[in-house]
Amino acid sequence: MSASSLRFFSFSGNSRVLHLTWMAFFISFVVWFNHAPLLVSIRETLGLTDDQIKTLLILNVALTIPARIVVGMLVDKYGPKIMYTLLLGIASVLCFFFAIADSFEQMALARFLLGFVGAGFVIGIRMISEWFPAKQVGLAEGIYGGWGNFGSAAAAMSLPTIALIFGGDEGWRWAVALTGLIALVYAFVYYNSVSDTPKGSTYFKPKKSGAMEVTSKGDLVLYVLMNIPMYAALGLLAWKLSPSGVSLLSETITSLIYVGLVLLFLYQLYHIYQVNKHIFSTPVPEIHRYKFKQVAVLNLAYLATFGSELAVVSMLPLFFSETFQISVVQAGLLASGFAFMNLVSRPTGGYFSDKWGRKLTLTICLAGLSVGYFVMGLITPEWFIVLAVMATMACSFFVQAGEGAVFAVVPLVQRRLTGQIAGMAGAYGNVGALLFLTVLSVVSAQLFFWVIALTAVVTLIVVQFMDEPRGQMAEVLPDGTVQMIDVH
């Protein structure tokens, strides 16, 4: 079955599951970014400062880091159907909370909690990997990710207009609440329309839960090391909110958060050891091994691709508005061009990965986005707006094709751990967003774009250490027999 035989315009079999699942992801993204195009109205209604606006942007992507790890474990254990239903239901409640917030503190809390919604992505990655064979999985995951990711562009294009239709200074509240209502309705639709696997297929679960299984001592060390940046990113967020930053948290609360993060990390280390201690006494048979190095490379690649997209989508409407002195609605429409490319570019990245090879595609994408961000750093008020938008869209093509290429590899590392691997790579995307948005809060937009370009060059070098997925992976059926799954 070739990648090209995927029946996109069908609404039966695995195509039906694909469409229902990308729509769930699309709605979660509309909810997650429903504030970005309305920031100017929100700022005026509550009289927020520029620092407070930047804080809201950072808070919006913070909780997604631990949420993607936790949701990745839960989806491997309980299945994507239940997890997507729960996520959309909870998202709707948080949405209503944000819509009625009448102080910066309430908004900050609502935005922080809404970061949980960003974990929805991980759920669909596992669902799609269950329904599509290896030769189609890159394209299918690309369509899922790309069309779902388009939710942020849809929010940027539609919500300012919806806010105007409701009218008045409070129009943005109604626009935000509407997205929550849509999420609530779709939660019921999704639960009643899908199943975790095709009929007769086994849903492979991890043997143990609480941490990812690794298959060698060296991989265990690398796994522990790859956990550190996620805690460091949350520590960076606490610093940003402390008296040293925007003073949202007191010195005492900040210190308590630092202590909490260290204790959480130690607790995580305990779980990692408990799940993997058997490798010190009994080597894992070769047939059941996988290389954690693959996961580490994918983490860094997603930091550079999705991490930069999240950061840029958050700041682009304001950047265009201030650079070219245009209205909020115009800036929102122009900025949506960056996320708009998701419709084509992410599936393209997945398709070329299926066709030309995973490693080559990822290499080309990272090279392209390095150049793209360098050019974006050159944009000034003297540029023609049309050229600035074209440069933005060209850059975003490589960014999102790169995301498609990353998740064309994720389901081919180890099937039963797909949720956790997707969760960790996804969390690294948010580590990148937090890192880049923090950089933006202390440097100019030009330097911000160039820092991302430099990060992409380093990642490009790291990707050369990834192995091209080949052959088969082994999974054990409930009755103890081994099933081989093609990965090429």
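Start by selecting Arg 111 and Phe 98. In this predicted model, Arg 111 lies over the face of the Phe 98 ring, 4.4 Å from the ring centre. Now jump to Arg 126 and Tyr 203 for another arginine over a ring: here Arg 126 sits over the face of Tyr 203, at 4.1 Å from the ring centre.

**Rings with rings**

Stay with the aromatics. How many aromatic pairs does a search of the whole structure find? The search turns up 31. Pick out Phe 25 and Phe 29, which form an edge-to-face pair, with 4.9 Å from centre to centre and 70 degrees between the planes. Follow helix α1, residues 13–32, and you'll see that these two are about one helical turn apart, because they are four residues from each other in that helix. Are they buried or exposed? Both Phe 25 and Phe 29 are buried.

Together with Phe 25 and Phe 29, they make up a cluster linked by ring pairs.

**Two helices side by side**

Clear that and colour helix α8 (residues 134–149) and helix α9 (residues 151–166). Their axes are 4 Å apart, and the helices pack at an angle of about 20 degrees, so α8 and α9 run roughly parallel to each other. To see the contact itself, show Trp 147, Gly 148 and Asn 149 on the α8 side, then Gly 151, Ser 152 and Ala 153 on the α9 side.

**A proline in a loop**

Now go to Pro 198. You'll find it in the loop between α10 (171–191) and α11 (217–241). Pro 198 is partly exposed, with a relative accessible area of 21%. Leaving aside residues up to four places away in sequence, Pro 198 touches Glu 130 and Trp 131. Select Val 17 too: Pro 198 and Val 17 are 181 residues apart along the chain, yet their C-alpha atoms are separated by 9.7 Å.

**Last stop: the cysteines**

Cys 365 counts as buried, at 5% relative accessibility. Finish on Cys 95, which is also buried, with a relative accessible area of 0%.

How values were computed. Residues are numbered from 1 along each chain as its sequence is written. This is a predicted model: local features need pLDDT of at least 70, side-chain atom pairs count only at pLDDT 80 or more; totals for chains, interfaces and linings use all residues. Side-chain values use heavy atoms; hydrogens and water are left out. Rings of Phe, Tyr and Trp (its six-membered ring) pair if their centres lie within 6.5 Å; planes under 30 degrees apart count as stacked, over 60 as edge-to-face and the rest as tilted. Buried means under 20% relative accessible area, exposed over 50%, partly exposed in between (1.4 Å probe, protein chains only). A charge sits over a ring if NZ of Lys or CZ of Arg is within 6 Å of the ring centre and within 35 degrees of the ring normal. Axes are lines fitted to C-alpha atoms, for helices over the stretch in contact, and angles run from 0 to 180 degrees between N-to-C directions. Angles under 35 degrees count as roughly parallel, over 145 as roughly antiparallel, 65 to 115 as roughly perpendicular and the rest as oblique. Contact means heavy atoms within 4.5 Å.
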